[in-house]
Amino acid sequence: MDKFTTLEGVAAPLKIINVDTDMIIPKQYLKTIKRTGLGKGLFSEQRYKDDGSENPDFVLNQPAYRNTKVLVAGDNFGCGSSREHAPWALLDFGIRCVISTSFGDIFYNNCFKNGILPIRVSQEDLDKLFDDAERGANATLTIDLPNQEIRGPDGGKVKFEIDPFRKHCLINGLDDIGLTMEKKASIDTYEDKLKRERAWA
């Protein structure tokens, strides 16, 4: 998993509440267990018309936001079913951070396991960040995880809270496997001990 320390990039405003995981990645893209290639399906029912052409009105199709790294979203983002494909699709598109007032619990946990930082902020702070994100190509936010702050294009700052353990995992790029491998020396020592004590096994 890629480390997450400081992220700077264009933020896209998605002023929709209750965005569920079915909207993030529709069911027809769930046939794969690969984490790559899902970016094309991200918000596909909003990004594309029935004939497959792009919907120019959807924010991620607008030139300024095609390479967005941060999504500023309405309340209760990632609610609904538990599909892990939702954070996979965001990550494959290039989004490493989602900011909202609240998240669906399963989606929130899956983000951390896949190297995405979900940030909870107050409605007042979210409104400020929406204003920043609506500046198009000038909508650059800096997400500073070590200092737990979001810096806007005009120098404004928004502080955020995060669980210390999850912060540690993101900064060090540790998913569940990486956490296990941190204990590799202890695991090896234990296995060697078992081999000696149970040579007959």
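**Overall surface and sheet architecture**

The accessible surface of the protein chain amounts to about 10,800 Å². Carbon and sulfur atoms account for 49% of that area. The model is predicted. Its protein chain holds 201 residues, and 45% of them count as buried. The C-alpha trace extends over about 70 × 40 × 25 Å along its principal axes.

Charge was examined next. The protein chain carries 28 positive and 31 negative charges.

Contacts were then sorted by separation in sequence. Among those between residues at least 6 apart, 65% join residues at least 24 apart.

The secondary structure comprises eight helices and seven strands. An open sheet of seven strands runs in the order β4-β3-β2-β1-β5-β6-β7. Its pairing is mixed. Strands β4 (117-120) and β7 (157-159) form the edges. Each has a single partner strand, so one side of each is left without a neighbour in the sheet. From one strand to the next, the twist averages 25°.

Strands of a sheet pair through backbone hydrogen bonds, in either a parallel or an antiparallel sense. Strand β1 spans residues 6-14, and strand β5 spans residues 140-144. Their pairing is antiparallel and covers five bridges. At residue level, T6 has D144 of β5 as its bridge partner.

Terms used: Residues numbered from 1 in each chain as written. Predicted model: local features only at pLDDT ≥ 70, side-chain atom pairs only at ≥ 80, totals over all residues. Heavy atoms only, no water. Helix = DSSP H or I, 4+ residues; strand = E, 2+ residues; numbered from the N terminus. Buried < 20%, exposed > 50% of the residue type's maximum accessible area, 1.4 Å probe, protein only. Contact = heavy atoms within 4.5 Å. Areas by Shrake-Rupley, 256 points an atom, 1.4 Å probe, with all protein chains shown as cover. Lys, Arg positive; Asp, Glu negative; His and termini not counted. Charge placed at Lys NZ, Arg CZ, Asp CG, Glu CD. Pairing = 2+ DSSP bridges. Axes fitted to C-alpha atoms, helices over the stretch in contact; angles between N-to-C directions.
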